[in-house]
Amino acid sequence: MARTLILAFEPSEAVSLTGFAAQLQQPFDVIFLTGQAPADIGAERVFVANLDQVAPADATAKGVLSLCEGYSHIASVSSMRSKDILARLASLLGGAMVTDVVSVESNTVYKRPILAGSVIATVEVLQTPVVLTVRPAGFSPVSGNDSASEAVTISSESVVTVVSQTSRGGLRPDLTRAKVIVSGGRPLKDSETFERIVGGLADRLGGAVGATRAAVDAGIAGNELQVGQTGKIVAPELYIAAGISGSTQHMAGIKDSKLIVAINKDPDAPIFQVADLGLVADLYDAVPALQALIGS
Amino acid sequence: MKILVPIKRVVDPYAKVRPSADGSGLDTAGLKFEINPFDEIAIEEAVRLRERNGDIEIIVLSIGTSESEEQLRKALAMGADRAILVETSEVYDSPSIADELAAQVNEIRPDLILMGKQATDDDANQAGQMLAALLDYPQATFASKLTVQGSVALVTRETDSGEECLELPLPAVITTDLRLNEPRYIALPGIIKARSKPLDRRPPTNAPKLRTRITRYELAPTRSAGVKVNSVDELYQALKSKGVV
């Protein structure tokens with residue numbers, strides 16, 4: 001019974017949870033819902049569902065329910081999709097749930113941020129099984145040998161019809177897994193300018209593009225690019241904030257970044273209070289100049 | 001058609017909330033309390049649906065102490081027709097809130113349940129999905145656009161990589177995201193009218209069965225300011241010396 005199941009909606013998610021699984025000090029298995037399994041994550045059993053795409057929450061929660069039997073812990077990487085599906089699953093299992101786990105104190109005690117990340121709560125789990133969504137930033141991946149993968153079938157029959165889907169990711173890395181992120185704020189005027197200035201530097205660094213809520217609300221950037229409390233929580237090696245004043249809302253999403261660089265023409269912008277490297281300058285001059293230097 | 005909007009009384013989301021000295025709770029003395037902003041978006045959306053579609057009864061419900069009446073009255077002022085206060089001083093977690101809401105839904109029988117994607121105090125993002133599971137209703141979380149035609153809801157929802165449009169048969173649970181709407185300003189006539197709208201107090205159907213409990217609160221570690229560089233060239237050299245470019 002003391003056993004963990006990792007639900008990987010995309011293959012790379014399993015790797016980023018190996019460190020978390022190791023801290024629970026019990027065997028773990030993985031279900032790969034889509035894609036092929038990487039070979040060296042140290043799972044005892046590897047299940048491959050090979051879905052073309054993950055079905056709506058009602059179907060997927062029901063579909064994985066029987067596969068969750070016998071596990072004390074069921075975990076996924078924190079994302080909009082995992083929260084959508086796993087909260088439903090936790091209820092079907094009659095279990096407990098902890099979202100956005102940032103540290104493991106014991107197999108029944110976890111820490112998680114509340115109040116937009118300003119306070120850390122210690123949560124004691126009183127019910128088995130427990131379903132967890134985990135922020136991988138605080139856990140270093142570990143590797144180990146896997147056994148051969150086993151095929152599983154997950155029913156995807158939903159009463160919900162998917163009418164359309166738009167994915168605007170393009171070729172850039174995913175925000176939540178990117179090593180480098182360049183983000184822009186409201187001063188970027190329009191989407192074309194945003195793409196040229198912020199996108200240009202991001203591409204030079206092989207990084208992802210992020211945006212503030214103000215930039216998204218103004219239609220300058222897509223909603224999936226929003227970084228912050230109500231958007232994506234990121235933890236890259238390098239976070240470059242261009243024309244971002246640094247609202248509490250935005251800061252809540254970036255504070256796990258290793259190195260924060262701020263470029264802003266307002267020397268009093270709050271972002272400078274958290275930035276490791278700050279440059280008071282007009283982003284229209286500084287960002288292209290930095291891009292040119294990196295390329296030289 | 002009947003829409004149920006469950007709402008939560010939360011500490012002012014823009015206030016700086018600190019743990020109490022012994023870490024056993026939060027120090028909210030002197031702070032304002034509000035409707036959870038995502039729930040406020042849900043109320044607004046219900047009112048807009050009624051303005052577009054007509055013939056909709058909007059019921060707001062809150063589980064909490066008598067102080068939640070303040071938030072229910074505000075919801076009535078925004079345009080809800082009646083309010084239910086499930087009065088309790090017990091501590092709830094998301095699964096036990098979903099349990100109580102499910103019991104209420106079985107009595108109220110709404111066609112649609114509209115609620116915030118999460119509350120800005122605990123940031124759990126669980127109750128809506130759990131309620132949908134208990135009722136075996138379809139769900140659409142993170143809604144950014146909603147239309148209802150007959151017994152079908154068409155929902156555009158935000159996803160990790162963009163957005164998708166879902167068609168759900170009613171009854172269903174829909175949770176709201178930030179971009180669904182901007183809640184209206186409440187004018188004085190609305191506030192006066194809200195005083196005479198019905199507010200029904202009732203005890204919880206069952207005692208809450210907790211699956212988790214918070215044992216300690218502490219301030220999150222904060223970052224401190226680093227150094228300011230004077231030029232793009234200096235910035236580039238600093239990044240280079242740290243090995244990140």
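A polar contact is a pair of N or O atoms within 3.5 Å, where, within protein, one atom must be able to donate a hydrogen and the other to accept it. By this criterion, 49 residue pairs, both at pLDDT 80 or more, are in polar contact between chain A and chain B. The model described here is predicted.

**The interface between the chains**

On the side of chain A that touches chain B, helix 4 (residues 80-93) of chain A gives the most, with nine residues. The residues of that side divide into 40 nonpolar, 21 polar and 18 charged. In total, 79 residues of chain A are in contact with 74 residues of chain B. The area buried between the two chains is about 6,400 Å², and carbon and sulfur atoms give 56% of this area. Within chain A, the residues that lose the most area to chain B are Met80(A), Arg88(A) and Leu115(A), which together make up 11% of what that side buries.

Salt bridges between chain A and chain B number six. One of them is formed by the side chains of Lys62(A) and Asp136(B), with an N to O distance of 3.1 Å.

Strands of a sheet pair through backbone hydrogen bonds, either parallel or antiparallel. Strand 11 (residues 161-167) of chain A and strand 11 (residues 162-169) of chain B run antiparallel and are joined by six bridges. Within this pairing, Ser167(A) stands opposite Gly162(B), and Gln165(A) has Glu164(B) as its bridge partner.

The two strands belong to an open sheet of ten strands with mixed pairing, in the order 11(A)-11(B)-10(B)-9(B)-12(B)-8(B)-1(B)-6(B)-7(B)-13(B). Its edge strands are strand 11 of chain A and strand 13 (199-202) of chain B, each of which pairs on one side only. Neighbouring strands of the sheet are turned by 25° against each other on average, direction ignored.

**Helices on the sheet**

| Helix of chain B | Strands of chain B | Angle |
|---|---|---|
| Helix 1 (residues 37-53) | lies across strand 1 (2-7), strand 6 (57-64), strand 8 (112-116), strand 9 (139-149) and strand 12 (172-176) | about 145° to strand 8 |
| Helix 2 (residues 69-78) | touches strand 1, strand 6, strand 7 (82-87) and strand 13 | about 165° with strand 7 |

How values were computed:
Residues are numbered from 1 along each chain as its sequence is written. Chains are lettered from A and ligands numbered from 1 in the order in which they are written. This is a predicted model: local features need pLDDT of at least 70, side-chain atom pairs count only at pLDDT 80 or more; totals for chains, interfaces and linings use all residues. Side-chain values use heavy atoms; hydrogens and water are left out. Contact means heavy atoms within 4.5 Å. Buried area is the accessible area (1.4 Å probe) that two parts lose on being put together, summed over both. A salt bridge is a side-chain nitrogen of Lys or Arg within 4 Å of a carboxyl oxygen of Asp or Glu. A polar contact is a pair of N or O atoms within 3.5 Å; within protein, one must be able to donate a hydrogen and the other to accept it, and residues adjacent in sequence count only if both atoms are side-chain atoms. Helices (H or I, at least four residues) and strands (E, at least two) are DSSP runs, numbered from the N terminus. Ala, Val, Leu, Ile, Met, Phe, Trp, Tyr, Cys and Pro count as nonpolar, Asp, Glu, Lys and Arg as charged, and the others, Gly among them, as polar. Two strands pair if DSSP finds at least two bridges between them. Axes are lines fitted to C-alpha atoms, for helices over the stretch in contact, and angles run from 0 to 180 degrees between N-to-C directions.
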